[in-house]
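Hi there,

I am passing on a structure for you to look at. Please open it first, and then read my notes below.

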Amino acid sequence: MDRKELREELQKAKSLFFLGGAGISTKSGIPDFRSPEGLYQMESEYGVTYEEMLSSDYFYSHTETFYDYFFKHMLYPEAKPNRAHLALARFEAAGHDVHIATQNIDGLHQKAGSKKVYELHGNAYRYYCTRCAARYTYEMIDHSGVPHCHKCGGILKPAVTLYGEELPPVAMSKALEAVKNADFMIVAGTSLRVFPASALPSYFKGKASILINLEETPMDRHFDYVIREEAGKALEELLC
Ligand code: CNA
């Protein structure tokens with residue numbers, strides 16, 4: 001099937017499962033981790049690797065440094081959805097059943113208007129108290145130093161999945177159900193190196209699977225179509 005035929009088939013899709021990663025938001029000005037310009041390539045100003053810093057152990061043992069990094073590098077409150085988010089939202093608005101599992105923590109799919117979004121790694125703009133579980137939004141907290149609970153004084157933790165933590169079970173089970181029931185799957189803007197999100201595509205049993213990524217991934221050979229292009233451009237061509 002060429003691109004045009006694939007597009008025609010997608011228009012007839014009963015259900016589309018989409019798995020995305022940080023590469024979906026780079027055009028919104030949010031750097032990814034593993035691209036040549038990604039955050040992991042920058043020398044750590046903290047003397048530890050970024051993977052170590054974004055771990056649960058590090059959060060509890062070095063909370064202040066964790067938050068210094070988190071507020072500096074993980075929050076982009078001004079970011080807006082780009083062509084990739086908008087193409088998916090338009091496809092859904094046109095009447096298609098679209099399920100989006102995202103490894104991103106930026107909330108941009110929801111800002112674009114997508115309704116069925118499963119946040120596998122949580123959301124950087126939500127927080128909860130590690131002592132009394134009270135919930136906070138980005139607007140409710142100070143963004144310098146370590147944020148504390150207004151009710152009990154406990155330390156707040158961002159509602160994101162850190163290395164060493166379980167994925168949110170509801171998001172994961174909804175994503176699993178969606179990938180198993182979909183007749184088309186698009187995976188885009190992810191290096192497919194972070195487990196267990198990277199295992200989701202293996203549950204797909206539908207008609208065609210498409211991978212859109214600027215770089216090679218360890219899973220390329222498992223997809224029916226591999227498109228090595230900018231995700232927004234390719235998604236617009238396929239879906240709009
Ligand atoms: P990653 O490992 O950084 O990989 C991103 C991939 O996207 C790379 O292979 C790039 O080549 C590719 N890429 C970059 N830009 C584009 C583009 N415009 N079009 C197509 N491909 C592109 O990121 P993953 O999502 O695979 O790794 C999972 C981590 C990254 C999750 O834990 C996220 O929480 C985390 N993360 C999220 C954000 C965000 O929320 N926007 C930002 C940075 C990191």
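A polar contact is a pair of N or O atoms within 3.5 Å; within protein, one must be able to donate a hydrogen and the other to accept it, and residues adjacent in sequence count only if both atoms are side-chain atoms. This is a predicted model, where local features need pLDDT of at least 70, side-chain atom pairs count only at pLDDT 80 or more, and totals for chains, interfaces and linings use all residues. Residues are numbered from 1 along each chain as its sequence is written, and side-chain values use heavy atoms, leaving out hydrogens and water.

Let's start with the ligand. A polar backbone atom of Phe33 is 2.7 Å from one of the ligand's oxygen atoms. For Ser191, a polar side-chain atom lies 2.6 Å from a ligand oxygen, while a backbone N or O atom of Ala231 is 2.8 Å from a ligand nitrogen. The ligand exposes 860 Å² when taken alone, and the protein buries 96% of that (areas come from the Shrake-Rupley method with a 1.4 Å probe). Around the ligand there are 27 residues, and the closest are Phe33, Arg34, Thr190, Ser191 and Glu215 (near means a heavy atom within 4 Å).

Now for the aromatic rings. The whole structure holds eleven aromatic pairs (rings of Phe, Tyr and Trp, its six-membered ring, with centres within 6.5 Å; planes under 30 degrees apart are stacked, over 60 edge-to-face, the rest tilted). Phe59 and Tyr67 count as edge-to-face because their ring centres are 5.9 Å apart and their planes stand at 70 degrees. Phe70 and Phe71 are also an edge-to-face pair, with 6.4 Å between centres and 65 degrees between planes. Both pairs belong to one aromatic cluster, formed by Phe59, Tyr60, Phe66, Tyr67, Phe70 and Phe71.

Phe70 is buried at 1%, and Phe71 is buried at 13%.

Best wishes

Note on methods
Buried < 20%, exposed > 50% of the residue type's maximum accessible area, 1.4 Å probe, protein only.
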